[in-house]
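Visitor: Please pick out the side chains that pair with one another and go through them closely. I would like their surroundings and their place along the chain as well.

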Amino acid sequence: MGRVEKALGVENLYTTAGVEYVHHMEEALRAHALFHKDVEYVVQNGEIIIVDEFTGRLMHGRRFSGGLHQAIEAKEGVEVKHESQTMATITFQNLFRLYDKLSGMTGTAETDAEEFLKTYRLDVIVIPTNMPIARQDLPDRVYKTRRGKLAAVVKEVAEAQKRGQPVLVGTISIEDNEIVSGMFTRAGISHEVLNAKNHEREGLIIAQAGRKGSVTIATNMAGRGVDIKLGGAEATRLEYEEVKSLGGLFVMGTERHESRRIDNQLRGRSGRQGDPGRTQFYVSMEDSLMRVFGSDRMKGLMERLGIPDDMPIENKMVSRSIEKAQERVEGHHSDARKHLLSYDDVLNRHREVIYRERRDVLERAREEKTDVLREVMLSHFDEALEEVVMFHTGERVEAPRGLDQGVGDASSKDDALEVLETLNSMVELTEVEKMEVRDLLKEAQKTKVDVANVRSSIIEKLLGIIERKYEELKVSFTDRDELKGIEKAVLLRSIDRLWVDHLDAMTALRQGISMRAYGQRDPLVEYKREAFTLFNRLLASISMETAANFFKLAHRVAEARQAEELAKSVFEKRGLMFSGARKTMGEGAPRATSVSVAAQPSPGVKQEKVGRNEPCPCGSGKKYKKCHGV
């Protein structure tokens, strides 16, 4: 913190002078401490590409939000690109809920059956395998240190390759993948490497992963939907039987994943369709899973017993300890997803309303009728005018005695002026219309009993002016579809722009709402209350922006059309006739005649004289003296 403040020349970051840097500092700290190269991301061709932690694949085109991606780019010394803006957001849970019918099939859903039931109300049904499972799932081998574990993996793989049994070694990250590959190379073990960096060779590597003596090191890419055939993709019956007699595919996991489903997916690469196979995980007490969620008692026991680094422990108590650690991690992630969903359900209500309104605009615009969006536009004007009138005709706090003289009159004049200026910013008013509105507003300030009716009469009067201006505008457009296009553009632009701002506001609210818990308030209840206020503000802003922009854009387009027509009529009034160059054939004949422009004077019409330095009326872009004034 002190180094950052010194570098920025700020005494305290958490003051007005330095608070704008706090967010950037936090994102830089996250990029430095929590995100690691070849684990959460890779660097390719000068770009930061995110790695999917579950599939191990590269996520091209995806970027971390909130400035985190820029912080990682700065950390790795690549070009720092502009921060992306979130246009839409939805959780997977709410995305799947949009479907009328929801179902799925996977080989590893049983461990998460409870979450499927609570989130989607779906039961998980286990279907028996086509052939009896002949695979051996051996107990985990637990080592005291990571170095001892990897040394044991190298030894076991060398022995398996020597006897000809194919081996698939699974790692949880690209970084571990390359570390194991380097150890295999130094040990003289020929092997193939499969990770997100060389995914283009995935098909070829997987096709040959079941050959006799083959060794493949893979991330989670090889753990999902991959069918490894014994003997290779084009193996003969004899080659298949030979590999089968050697025990089939041996799957070795170098570390337990936080999710049991991913471990089970890796195990499932072996023993397909009744084939023999063997699977075993190699774990150390220094692995991230065991270090964070495992039992310190187990590591302490191993140290007290003086167990060497390369000596494994295989018993049910150790396996249960690992499974308990995984269950705790899965429970933690499940609670986090449930917590996230409860907050996204609030935003989902907003999303449904806004998307429904946007969809209604698009569907109306496709209709052949030309006035289908008029009703929508007028409803936005109605809401905008109501907002303005309600604000400027509300009850007032009485001024203290001795200061009340003239205060009410001044306030009334200010309110009338504000309403007129707001309405005039939407559509240009005549002096008569301004007087009518001013008289109504004076009446509203005098009336204390029936304020609601007076407000309604003001809004109806203002809306009547808008409707009249709307009808006058339609006369300016010979093509009514063009006016409908303007209505559609204004509506969609207002909705889209303000929705993006609303998402940013909701994200900022979500990040800081947890602090309400220190005041003995439920953050979720507070989030719902604040979100309701923000959403009402969004709807009001959409109406105000639509009302403020429609007539301006429509008049601008109409004036541009009139200018085009006026430009055409000027040449016609001048009677300018244009004839192009004519080519003649034959020897000695001139190649082309020059372009002629002859002005045909109209009888009784005074011809305008073109100045020598003015643009030539023929449209060539040259001055008159250098064109037809020669």
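Guide: Trp 499 is buried, at 4% relative accessibility (buried is under 20% relative accessible area, exposed over 50%, partly exposed in between, with a 1.4 Å probe and protein chains only). This is a predicted model, in which local features need pLDDT of at least 70 and side-chain atom pairs pLDDT 80 or more, while totals for chains, interfaces and linings use all residues. Residues are numbered from 1 along each chain as its sequence is written, and side-chain values use heavy atoms, leaving out hydrogens and water.

The whole structure holds 11 aromatic pairs (Phe, Tyr or Trp rings, six-membered for Trp, with centres within 6.5 Å; stacked under 30 degrees between planes, edge-to-face over 60, tilted otherwise). One of them is the stacked pair of Phe 92 and Phe 96, with 6.1 Å between centres and 20° between planes. Both residues belong to helix 4 (residues 92-97) and are 4 residues apart, about one turn of the helix (helices are DSSP runs of H or I, at least four residues, and strands are runs of E, at least two, numbered from the N terminus). Phe 92 is exposed, at 60% relative accessibility, whereas Phe 96 is partly exposed, at 32%. Trp 499 pairs with Tyr 355: the ring centres are 6.1 Å apart and the planes lie at 65°, so this pair is edge-to-face. Tyr 355 is in helix 13 and Trp 499 in helix 18 (residues 480-512), so the partners, 144 residues apart, link distant parts of the chain. Tyr 355 is partly exposed, with a relative accessibility of 31%. Phe 92 and Phe 96 also belong to one aromatic cluster with Phe 116 and Tyr 120.

Charged side chains come next. Side chains of opposite charge can pair when their charged atoms come close. The structure has 33 salt bridges (a Lys or Arg side-chain nitrogen within 4 Å of an Asp or Glu carboxyl oxygen). In one of these, Arg 337 meets Glu 115 at 2.7 Å, N to O. Arg 337 lies in helix 13 (residues 316-366) and Glu 115 in helix 5 (residues 113-120), so the bridge ties together parts that are 222 residues apart in sequence. Arg 337 is partly exposed, at 33% relative accessibility.

Asp 371 sits in the loop between helix 13 and helix 14 (374-392), Lys 474 in helix 17 (residues 451-475), and the two are 103 residues apart. Lys 474 is buried at 9% relative accessibility, while Asp 371 is partly exposed at 38%.

Asp 263 and Arg 256 form a bridge at 3.3 Å, N to O. Asp 263 is buried, with a relative accessible area of 3%, and Arg 256 is buried too, at 10%. Asp 263 belongs to helix 10 (residues 260-267), where Ile 262, Gln 265, Leu 266 and Arg 267 are also among the buried residues. At the start of helix 10, a side-chain oxygen of Ser 259 comes within 3.3 Å of the backbone nitrogen of Arg 261. Elsewhere, salt bridges link Arg 516, Arg 521, Glu 526, Arg 529 and Glu 530 in a network.

As background to these pairs, the protein comprises 19 helices and 12 strands, and 38% of its 630 residues are buried.

Technical notes: A polar contact is a pair of N or O atoms within 3.5 Å; within protein, one must be able to donate a hydrogen and the other to accept it, and residues adjacent in sequence count only if both atoms are side-chain atoms.
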